[in-house]
Amino acid sequence: MELLIIGGGPAGLSAAIKAKEQGLADVCVLERNSHMGGILNQCIHHGFGLHIFDEELTGPEYAQRLIDRALQLGVKFMNNTMVTDLDENRLVTYVSPNGAAQVQANAVILGMGCRERTRGALRIPGFRGRGIFSAGTAQALVNMRGYVPGKRVVILGSGDIGLIMARRMSLEGAEVIGVFELNSFSSGLKRNIVQCLDDYGIPLHLSHTVTRIVGENYNLTGVYVAPVDETRTPIYAQEEFIPCDTLLLSVGLIPENELSKKAGVQLSSVTGGAIVNSDLSTNVNGIFSCGNVLHVHDLADDVTLEAYRAGVAAVDFIRNGTKISQTNKIAVTAGKNVCYVSPNFVQPNEEIELLFRSDGVFRKAKITVKDGENVIKTLKRRVVAPGEMEKVKINTGNMKGCTVAIETE
C-alpha cells in the first residue's frame with residue numbers, strides 16, 4: 001500500500017483527494033463508522049464550505065462534496081474498519097467485517113479527529129443517571145436519530161458544539177435555561193454566540209460552573225450552579241439550584257492520538273496532538289498528521305486546507321524520501337499571551353502560514369513574529385480570543401528561531 005489514511009472525516013478525505021490529484025495511484029482511507037464524513041454528518045447547520053467551495057453548505061453537503069471528489073479520483077474506501085495498532089514502521093493492524101488484517105504502508109496520514117471531554121473528566125459530584133450527555137452525543141441523537149433528549153436544558157461549557165446545540169434544542173421546542181462557562185470568556189466562535197444564543201434569547205453566564213448534579217429515580221432533576229473567583233474556584237455561598245431534565249457538556253475536545261502513541265509519535269503537552277514540521281510530518285518517518293487530531297480547528301475549511309498540505313507532503317515522501325532537515329529546522333514557540341503555535345518546526349527560506357490561539361481575550365492587540373529580538377512581522381487585531389484561531393504568513397528566510405506573541409496597546 002502506497003498511502004494509508006486513518007480516518008474518513010474532512011481531514012482524511014481531503015488528504016486523499018490531494019494525494020490522488022498529485023498522481024498517486026494507491027490511496028486508501030480507513031473509517032471505523034459505516035459512512036465517510038466523520039462529524040460532518042451530524043452537523044446539519046449551515047456555515048461550511050465558504051473558503052473551499054465558495055458557497056455556504058451544511059456539514060453533510062460539505063462531506064458529500066469531498067466523498068464525491070474522492071470517488072471520482074479513485075480513492076479506495078474501507079468503512080466499518082477499526083485500526084487497532086500502528087507501529088513506527090507503518091505497519092497498520094485493523095479489524096473489518098472480513099476479520100483482522102495487517103497492511104504495510106509506504107506512508108500514513110493520521111486523520112482520526114477528536115473526541116469530547118466527558119463528565120468523568122470534570123469530576124462533578126452528584127447524580128450519575130439519565131439526562132447527562134455530551135453536546136456531540138446530543139447532536140447525533142437529534143440530527144441523525146430524531147430523538148430530543150429533554151425539554152428543560154442546561155449547557156455547561158461554551159464550545160461551538162454546545163452553542164450550536166443551544167439553538168438546535170430551542171428549535172426542537174426545548175427550553176434552554178442558559179449556557180454556563182467556567183472561564184471569563186467563551187471558547188466558541190463569536191458568530192455562534194450571536195447566531196445561537198443572542199438571536200434566541202439564551203443567556204451566557206461567564207465565570208460560572210455546575211457544582212452538583214441532582215437526580216431522582218434514575219432521572220436528572222436539576223443542577224447547582226455557582227460563580228467562580230479569579231482562580232476558577234466556585235463561590236459556594238452564591239450557589240443556585242436550577243431545575244432541569246437535561247445537562248449537555250461542551251467542555252473541550254481531545255485529539256484522538258492513541259494510535260499515534262503506539263507508533264512513537266511525539267505529542268504536544270498543550271494541544272494533545274503531534275509535534276509536526278512545516279510539511280506536517282511527525283518525528284516518525286513517513287507518518288503525517290492533520291486536522292483535529294493535530295490540533296482542534298474552528299472551521300472544516302481550515303481542516304481541508306491543512307489536509308491538502310499533508311497529502312502533498314506524503315506523496316513527496318513516497319516518491320523522494322524525507323526532505324526535512326533535522327539540523328537546520330527552526331523551532332516555533334508560543335510567546336506572551338499565546339497558547340500554542342502550529343507547526344512546531346519550520347525550514348529556512350520557506351513561505352509558511354502559522355496557526356495559533358491566544359490564551360485569553362485581548363483588545364487592540366498586536367501580533368508579533370520575532371527571530372530573537374528581531375521583529376519579522378506585525379499584525380494588528382481589534383480583538384483576539386481563544387475561540388478564534390489566528391493565522392499569520394511569514395517567509396522564514398535565515399531565521400534562527402521563531403516566536404509568536406500577542407501584545408496589547
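Start by selecting helix α5 (residues 160-171) together with helix α6 (residues 190-197), whose axes come within 8 Å and cross at roughly 15°; the axes are lines fitted to C-alpha atoms, for helices over the stretch in contact, with angles running from 0 to 180 degrees between N-to-C directions. Helices here are DSSP runs of H or I with at least four residues, strands are runs of E with at least two, and both are numbered from the N terminus. The model is a predicted one, in which local features need pLDDT of at least 70 and side-chain atom pairs count only at pLDDT 80 or more, while totals for chains, interfaces and linings use all residues. Residues are numbered from 1 along each chain as its sequence is written, and side-chain values use heavy atoms, with hydrogens and water left out.

Keep the two helices on screen: α5 and α6 are therefore roughly parallel to each other, a term for angles under 35 degrees. To see which side chains are involved, show D160, L163, I164, A166 and R167 in α5, which meet N192, I193, Q195, C196 and L197 in α6, contact being heavy atoms within 4.5 Å. The residues of this contact divide into six nonpolar, two polar and two charged.

Next, select the open sheet of three strands, ordered β22-β24-β27, with antiparallel pairing; two strands pair if DSSP finds at least two bridges between them. Strands β22 (338-342) and β27 stand at the edges with a single partner strand each, so one side of each has no neighbour in the sheet. From one strand to the next, the twist averages 30°.

Within this sheet, begin with β22 and β24, which run antiparallel and are joined by four bridges; for a particular pair, pick V341, whose bridge partner in β24 is F356. Then move to the other pairing, where strand β24 (residues 351-358) and β27 are antiparallel over six bridges, and where E351 stands opposite N395 in β27.

Buried means under 20% relative accessible area, exposed over 50%, and partly exposed in between, for a 1.4 Å probe and protein chains only.

Finally, select G321, which lies in the loop between α8 (300-320) and β21 (330-334). At 25% relative accessibility, G321 counts as partly exposed.

Key:
Parallel < 35°, antiparallel > 145°, perpendicular 65-115°, else oblique. Nonpolar A, V, L, I, M, F, W, Y, C, P; charged D, E, K, R; others polar.
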